[in-house]
Amino acid sequence: MAFEDLLGDPVIQKYLHELVGPTGMPVAAAPPDGEVTDEELAEDMGLELNDVRRALFILYENDLASYRRVRDEDSGWLTYLWTFHYENIPENLDEEMHRLLEGLEKRRSYESDHQFYLCEVDSIRFEFEEAMEFGFECPECGSPLESMENSRLVEAMEWRIDQLRDELNVDRDEAEAEA
């Protein structure tokens, strides 16, 4: 898939923006063909060299860029030539979605397995054991802690988990076996 096709996708734009932030987005959004130096990128885009280097390093950490070093024979200076590898984005997004699914499943289990109490004044939530230690009174303001119903939250997580499983083509048995 060509860079242009990938970069036209709003999900991929958001992913890149989350990785490199607003100052690095010009670098991520306009990857050149072939090799390029960080200095060339900074000059061509009118950006600070440190912002370009930061974005390139983040892309490198996420397998979306690579570099090779070339030593100048006369000065001994190292030049880094960067190449972009955006063909790895779909695989990175897939891994990210699997991490999200795993995190949601753990959180759903936690929410389902615990009973919570809420201080409605300070909006602080306590597990049953904590609430009991405090005598069912908020340690911050002293107001009574009220039993908190979280079934809507659990249902919302289950709905999102089902969506992710469908998108990832993972069935419930397979997901539970991996956990």
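**Stop 1: the annotated span**

Select residues 8-90, where UniProt, in an unreviewed entry, places the feature "domain: HTH TFE/IIEalpha-type". UniProt positions follow the numbering used here, feature names are shortened, and annotations may be inferred rather than shown by experiment. The model is predicted, so local features need pLDDT of at least 70 and side-chain atom pairs count only at pLDDT 80 or more, while totals for chains, interfaces and linings use all residues. Residues are numbered from 1 along each chain as its sequence is written, and side-chain values use heavy atoms, with hydrogens and water left out.

Color the span by secondary structure. Residues 8-90 are 52% helix and 19% strand. The end C-alpha atoms of the span lie 14 Å apart. Helices (H or I, at least four residues) and strands (E, at least two) are DSSP runs, numbered from the N terminus.

**Stop 2: the largest nonpolar core**

Show side chains for L16, V20, L59, L64, F84, Y86 and I89. In the largest nonpolar core, which has 24 residues, these touch the most other members. A nonpolar core is a set of buried Ala, Val, Leu, Ile, Met, Phe, Trp, Tyr and Cys residues joined through side-chain atoms within 4.5 Å. Buried means under 20% relative accessible area, exposed over 50%, and partly exposed in between (1.4 Å probe, protein chains only).

Which elements give two or more residues to this core? They are helix 2 (10-29), helix 3 (38-45), helix 4 (49-61), strand 3 (78-84) and helix 5 (89-113). Helix 2 gives the largest share, 8 residues.

Now select L101, L104, L164 and L168. They are among the 7 residues of a second, separate core.

**Stop 3: helix 3**

Select D38, L41 and A42, the buried residues of helix 3. Look down the helix axis: these buried residues fall within an arc of 95°, so they line one face of the helix. The arc is that of the directions from the helix axis to the C-beta atoms. An α-helix has 3.6 residues a turn, so residues three or four places apart point the same way.

What do the buried residues of helix 3 pack against? Their partners are helix 2, strand 1 (36-37), helix 4 and strand 3. Turn to the other side of helix 3 and you find E43 and D44, both exposed. Just after the helix, G46 takes a positive phi of about 70°.

**Stop 4**

Zoom in on D38. It is buried, at 6% relative accessible area. Its side chain joins that of R53 through a polar contact of 2.6 Å. A polar contact is a pair of N or O atoms within 3.5 Å; within protein, one must be able to donate a hydrogen and the other to accept it, and residues adjacent in sequence count only if both atoms are side-chain atoms. Leaving out residues up to four places away in sequence, D38 touches L49, V52, R53, L56, Y80 and W82. Contact means heavy atoms within 4.5 Å.

Step back to T37, in strand 1. T37 is buried too, at 9% relative accessibility. Beyond residues up to four places away in sequence, T37 touches T79, Y80 and L81. A polar atom of the T37 side chain lies 3.0 Å from the backbone nitrogen of E40.

**Stop 5: the cysteines**

How many disulfides does the structure hold? It holds 0. A disulfide is a pair of cysteine sulfur atoms within 2.5 Å. Select C119 and C138: the sulfur of C119 has its closest cysteine sulfur in C138, at 3.5 Å, too far for a bond. C141 is in no disulfide either, and its nearest cysteine sulfur, that of C119, is 3.6 Å away. Buried or exposed? C119 is buried, with a relative accessible area of 0%, whereas C141 is partly exposed at 36%.

**Stop 6**

Select N150, in the loop between strand 6 (146-148) and helix 7 (151-168). N150 is buried, at 12% relative accessibility. Its contacts, not counting residues up to four places away in sequence, are E111, F116 and R125.

Next, pick G103 in helix 5. G103 and I161 are 58 residues apart in sequence and 9.7 Å apart in space, C-alpha to C-alpha.

Finish at M132, in helix 6 (residues 128-133). M132 is partly exposed, at 48%.
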